Amino acid sequence: MKLNEVKSLLTELRGLSVEELATREQGLKKELFDLRFQAAAGQLENTVRLNEVKKTIARVKTVQREAK
């Protein structure tokens, strides 16, 4: 992700409620699971997406912690 994309994502995340953040986190965790499954099966084409999803999950958790 580019810096501008990260900044816009963080702005969007900070505008969400606690429940919406939890829902976003669950969706990302499911996507990460699916990507790992594809990687194990040798079907994953875009390996960069694994790291992007991990970092996005970390960003969501950071915003959740800020909200407390």
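Let's start with Leu-44: setting aside neighbours within four places in sequence, Leu-44 is in contact with Leu-35, Gln-38, Ala-39 and Leu-50 (contact means heavy atoms within 4.5 Å). Keep in mind that this is a predicted model, where local features need pLDDT of at least 70, side-chain atom pairs count only at pLDDT 80 or more, and totals for chains, interfaces and linings use all residues. Residues are numbered from 1 along each chain as its sequence is written, and side-chain values use heavy atoms, leaving out hydrogens and water.

Leu-44 also belongs to the largest nonpolar core, which has 12 residues, Leu-9, Leu-13 and Ile-57 among them. Such a core is a set of buried Ala, Val, Leu, Ile, Met, Phe, Trp, Tyr and Cys residues joined through side-chain atoms within 4.5 Å, with buried meaning under 20% relative accessible area, exposed over 50% and partly exposed in between (1.4 Å probe, protein chains only). Helix 3 gives the most to this core, with five residues. Helices here are DSSP runs (H or I, at least four residues), numbered from the N terminus.

| Item | Value |
|---|---|
| Helix 2 | residues 18–41 |
| Helix 3 | residues 48–67 |
| Angle, helix 2 and helix 3 | about 160° |
| Axes apart, helix 2 and helix 3 | 10 Å |

Axes are lines fitted to C-alpha atoms, for helices over the stretch in contact, and angles run from 0 to 180 degrees between N-to-C directions. Helix 2 and helix 3 are therefore roughly antiparallel (angles over 145 degrees).

Finally, Ser-17 sits in the loop between helix 1 and helix 2, and Ser-17 is partly exposed, at 28% relative accessible area.

Notes:
Helix = DSSP H or I, 4+ residues; strand = E, 2+ residues; numbered from the N terminus. Parallel < 35°, antiparallel > 145°, perpendicular 65-115°, else oblique.
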